Amino acid sequence: MSMTQATSPDRLAGGDEESFVTTNKPVWQRLVANPTAMTSIILLVVLALSAVLAPLLAPGNPLKVSPADRFIPPGAEHYFGTDNLGRDMFNMVLHGGRTSLFVGLVVTAISMSVAVVLGAISGFYRQVDMVLMRIVDGLMAFPGIVLATAAAAIMGPSMSTVITSLSIVLVAPSLRVVRGQVLVVRELQMIEAARSVGVPTLRLFTRYILPAVSSPILVQASFIFSAAVLGEAGLSFIGVGIGPKELSWGNALTEARNYIAQAPWIVLFPGLALMLTILALNLLGDSLRDILDPRLARRR
Amino acid sequence: MTEQSILSVTGLSKSFRAVKAVRDVSFSIPRGKTFGLVGESGSGKSTTARLVLRLVEPTTGSISFRGRDLAELAPRALRAERRHMQMIFQDPFGSLNPRMSVRETLVEPQLVHDIGTPSDRLRTAERLLAEVSLPRAALDRFPHEFSGGQRQRIAIARALATNPELIVADEPVSALDVSVQAQVLNLMRDLQDRHGTTMLFISHDLRVVQFMCDEIGVMYLGEIVEQGPRDRIYGAPAHPYTQALLASAPGKGSGQRARLKGEIPSAHAVPSGCAFRTRCPHAFDRCVNEKPAMRDIGGGQKAACHLLDKAEAA
Amino acid sequence: MLRYLGKRFLLILPTIFVPLILVFLLLRLSPGDPAGMMLGDQATAEQIAALRNQLGLDQPIWVQFLFWIRGIVTLDLGNSIFFREPVMQIIPRYAGVTILLAVVALALAVLIGVTLGLISAMNRNKPIDRGVVTAAVLGISLPEFWFALLLIFVFAVTLRWFPVAGYNPPTAGLIAFGATIFLPALALGVRQSALMTRMMRSSMLDVLNEPYITTARAQGLPESTVIGRYAMRTAAMPVITVAGLSAGYLLGGAVTIEIIFALPGLGRMLVEAVGRRDYPLVEGGVLAISLVLAVLNLVIDLIYAILDPRIRYQ
Amino acid sequence: MTAHITPLPAETVSPGAARKTVLEVENLSLAFRNADGLLPIVTDVSFAIAEGEAVALVGESGCGKSITASAIMGIAPDNAEIAGNITLNGTVISALPPKDRRRLCGRHMGFIFQEPMTALHPTLSIGRQMTDTLRHNLGLSHKDATDRAAELLDRVGIPRARDILRGYVHELSGGMRQRVMIALAISCGPSLIIADEPTTALDVTIQAQVLDLLEDMRRELNLAMLFITHDLEVVGDFCEKAVVMYAGDVVERGFSADIVRSPAHPYARGLIDAVPAHDDGRTRLTPILGTVPPVGQWPEGCRFAPRCGRADAQCRTRPSLERHGVTDARCWHPLEDRP
């Protein structure tokens, strides 16, 4: 899974400059006018609602075993069929989504906040920057899953382990993006102009730099979200994620792979839900970037 | 330095690692006058502008402004002093914060320096807008809604917001089309007449400098090679570089053009002796070994060239 | 050029040491006694003390750190607790499979990515371009372990073209090897090929807008030369960067893929070692992956320096 | 050939030697196709260039001068709709298919761009870029192409030509880069050179050197030259004739000396008055009021009328390009007070 590559690669093409160019309509109006953005937002709202409302839509304990109902194909009774232990897959997918989205949300919030604070410091103080960037290099080059695996082994698989290790791993690419943006913005003439006016440093950051880097941060956040969801699923899949007592899409697939010949549906539905979530987040990130960064958008 | 000099720069130098961007620059500007710095790329004129405002820290030298040495001021005192010195930048698209409305842009300098009450500040913003001939409706608009010339007017209004005594203008019209350029130049002269502001005006365009400035310094490779009153510089240039610069300018007819050989040397490797000797048509052995000193040649004109010694001796 | 590579080499050192230090700290600072955990519940106090002494766990942490550093530098990582043989003998047995898997996956990704990206860019906004762009977004959103299960279901279970799991080394013959490596490599490479498709497309579209492409056309060069030589040369650079970044990703992804397809690789070994709390082997595995990545990154830097004279010039 | 156009009187330019017309542009119009239909960029542009002659295409940014040049070269963007005739050395090239147009590039037309830094390939050696062109267009062998490239560099005043051939564009200074660009443009013996603001990015002293070089090349090789610029003073020095454009229209056309000294069109007059000239001792400049209307928002009739002091009701209909005194101007009320 991509934990080290949350920075969508289009950025490498030089999309870091001029991303603060404003256009005439407010962002939300352009979002509404963009069919891709609207599709992804609607998809995300549906997914989020189904996760939040899971206890209402699919009441009962999703982990309840019912050996008599094993391997029932999808139908009116069980929309997504049942698995090897007779658990209702629809139930499991809805409840699994709660875990996935929750982990994604928390990891995004933690890693983006840390990245903004450290990125700001890094963009302003050379020595700190040297050290931080070397650490980021180390974290970025190394497969996050291996670190997370080691962490899970030592601290024991649990929700907080997953959140901690994913946050550490995903801080690196976010920090690099934020820091890169701060460095670009810092060199803008408007910053020199503000300094020549006599604007103090703190105000310079809050009124000039932060607004200018907010768009790329927003774009990055959606990619980080998708990487976190994917990361959690991958870790849970190989058994070093949230642990067997909790339910997630990755967990659901762990056992399922042994029954793929008999009951392909138990592989299909959790994976599909996972993919739709990631797709929606990636599409949102793409369209946000198109909207907020006209320089890149003209290519599409 | 005259009695009423508001800004007096002495021995100003700046090195970026091995690159000596500005070397031993000295000049002073009488109150209410405009001093022009003209030169080609790499001449250090823009760095000099930033050194004067201490946007770039000088390596050595003093900047005497309103009786104090800016180079010695502590950060807090320097920031307070910025109220009296403002800058206009080259790029009208880059120097304004795209997220701030014109109102916020014009209020910002007053807010930062704690000038007046909120309603005073707003009144000042309105007055400034009128001064640069923009409609009042512009207040609530954002930079991207204006053309390049209009943005440069907004930048000028911002520079005037704290009623500064010195304005440093770095290539303020070179990003503009000629017809718009004329509007902005006229505006700058009008405002200067009205407010009595002193101005340091940086440009590569000899025509613009001639139009705007009372006194001119010609820069080459980080040094002022000649300076003096406008009419002396344009009428009787003493330094071979000034002569060549004026002769190279278009609009003189192709027959008249005198040509400099070669390219501007890199600031990494400034030639020994006189920095201009590698391109000078009159260079002789002394120019290699000895750096010419700035000499007074009368009428307020000064130039740094060994030829002037020769002429005197002859 | 040598200076550049030397600098790159120094910059790569942290990529080896940061993950190692993280793992070191995780192992030493986590609650619980590693020796106790390794030996399990039945161990006696003497046994634990003996192991602690053998592993150096009774020393202060900075001494442990120095020992650990010495071990890495001398490539002496101690014995695996589970296999009871030196870690440095175990690692190579597994590393080969992982490297082969990653290389085949990368080759597939580059092949698919460059081809589709080029086709897409050359047919911008036509149906084929839209199709490729859509496929690429889908590909990027595809969790590879799920894709691997789908591949198994379709090609191994239903069509029976490939075995469901298992591994034949290349020495068993190319066809036998190919049959066991193709599905895993495809599953592992699909997201990378989607990323590279997007990268190739956008990079090509960027380059086609460059003035030097207009120059090449204005010089009358045929479109095949303009694209194949002038545009590809610069458009390939970001794709190479992505290929470099892919390496880390592929080695990480190999963990799940090796588990699903039961390949005896480094990733599976690592997860199993973690499960058995075989800490020397875990450290060895992390070090091996770090080293492979460092070498790969150096190779990428070298390719860059060969392709881009601007880097050599610095 | 259409009869109602008055081509520039090439015969009268240099009495004695009747010069052959190299390029003739007649009623060239260009519009971009977009979602809303056609967006006109350039309308009814006509002019001609004889061999050995430099014609300036002058105007402010956005007037359509650069896109006119790319239409002549046949490298306009794909969504450009082009009408009118372009004749090169007696052949109507505007009707040729793109492949054949491309073959004319390099061999018959050379192009010089404003920014040689970006117009030359960053990671291919100077020599490679030159020999690619020479080998493809002239069928030279690798060795002959390299020798010729070295000769060309020598000719445009680049010292150590063989070393430079092995080098890359970032290793050269701005002036040297533009010399390489010129060498590349003349390498295959074109009869027409199109130079798009070739000296705008250069320093004054270097600009003068490059202008001299271009003039030398034009004289030595008897090149027809289309010189695109925003600077009327360069035009006066360097070009025999000038075509002044405003908002996609040719507003005045004639000898540069006449246009610079006593233009007929108020816009041309305005451009001259807006520049602070040497030694004129003015304390105020005379700007042109307002701003250039953006593409797609051109007024009906005379496009300069909203900014023109002489405009009246008549200017709401479009004037045609007609002879007024010594120049052609598109104006209902041309300036009369000529010396």
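A word on the model first: it's predicted, so local features need pLDDT of at least 70 and side-chain atom pairs count only at pLDDT 80 or more, while totals for chains, interfaces and linings use all residues. Residues are numbered from 1 along each chain as written, chains are lettered from A in the order written, and side-chain values use heavy atoms, leaving out hydrogens and water.

So, helix α7 of chain C, residues 144-158; helices here are DSSP runs of H or I, at least four residues, numbered from the N terminus. Its end C-alpha atoms sit 20 Å apart, which agrees with the 21 Å you'd expect for 15 residues, taking 1.5 Å times one less than the residue count. There's still a kink of about 30° centred on C:I152, where the bend is the angle between axes fitted to the seven residues ending there and the seven starting there. C:I152 is also one of the buried residues in α7(C), along with C:W146 and C:F147, among others; buried means under 20% relative accessible area with a 1.4 Å probe, protein chains only. Just after the helix, C:R160 takes a positive phi of about 60°.

Now chain D. Its assignment gives domain 1 (21-108 + 190-284) and domain 2 (122-187), with bounds from an automatic or database assignment. Their C-alpha centres lie 26 Å apart. How many salt bridges cross that interface? The rule finds one, needing a Lys or Arg side-chain nitrogen within 4 Å of an Asp or Glu carboxyl oxygen.

Note on methods. Helix = DSSP H or I, 4+ residues; strand = E, 2+ residues; numbered from the N terminus. Buried < 20%, exposed > 50% of the residue type's maximum accessible area, 1.4 Å probe, protein only.
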